[in-house]
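Hi everyone, thanks for coming along. I'd like to walk you through one model today, so let's have it up on the screen.

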Amino acid sequence: MKKKNWVIRVGIFLIIFCIPFFLLIAIIPFLEMEATTKITISTISLIIGEVLFWLGGIMVGKELFSKYKTYLNPKNWLKKQIKTRNQNDILMTAVKTLFPPF
């Protein structure tokens, strides 16, 4: 069991460690270099980031990997807030219905 825990921690580290490589791709176009150098560095950074991400995913397992993958997806960042707001609106409507203002 202890070995499994170690593998999961390394996998999570690899998933987190891949983020700077993807961020580097957004920074490279603004650097003063030749175009071929920019293309080469961007390609290498993309490949390293993908390899680290998928190796980490393999190490943490299917369930944990899909959980972290949804956390990293920008589409899901606001869903929890919207869901909470909808629940609050329903609660406030129920309270106003039961206890009308005077």
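Before I point at anything, one cut-off: a residue is called buried under 20% relative accessible area, exposed over 50%, and partly exposed in between. With that in hand, look at Phe17, which has 38% relative accessibility and therefore counts as partly exposed. Do keep in mind that this is a predicted model.

Together with Phe13, Phe17 makes a stacked aromatic pair, with 5.5 Å centre to centre and 15° between the planes. Both sit in helix α1, residues 2-17, four residues apart, or about one turn of the helix. Phe17 also pairs with Phe21, this time edge-to-face, at 5.7 Å centre to centre and 80° between the planes. So what do the ring pairs make of Phe13, Phe17 and Phe21? They link these residues into a cluster. Phe21 is partly exposed too, because its relative accessible area is 22%. The structure holds three aromatic pairs in total.

Now, zooming out. The protein has five helices and zero strands, and buried residues are 14% of its 102 residues. Among contacts between residues at least 6 apart in sequence, 64% join residues at least 24 apart. The accessible surface is about 8700 Å², and 72% of that belongs to carbon and sulfur atoms.

Last stop, the surface. Ile16, Ile19, Leu23, Tyr71 and Leu72 form a nonpolar patch there, with about 480 Å² of accessible area together. Helices α2 (19-27) and α4 (62-72) are the elements that each give two or more residues to the patch. Ile19, for one, lies in helix α2 and is partly exposed, at 33% relative accessibility.

Thanks, and I'm happy to take questions!

Notes: Residues numbered from 1 in each chain as written. Predicted model: local features only at pLDDT ≥ 70, side-chain atom pairs only at ≥ 80, totals over all residues. Heavy atoms only, no water. Buried < 20%, exposed > 50% of the residue type's maximum accessible area, 1.4 Å probe, protein only. Contact = heavy atoms within 4.5 Å. Areas by Shrake-Rupley, 256 points an atom, 1.4 Å probe, with all protein chains shown as cover. Patch = residues over 30% accessible without salt bridge, like charges linked within 9 Å, V, L, I, M, F, W, Y side chains within 5 Å. Salt bridge = Lys/Arg side-chain N within 4 Å of Asp/Glu carboxyl O. Phe/Tyr/Trp six-rings, centres within 6.5 Å; stacked < 30°, edge-to-face > 60°.
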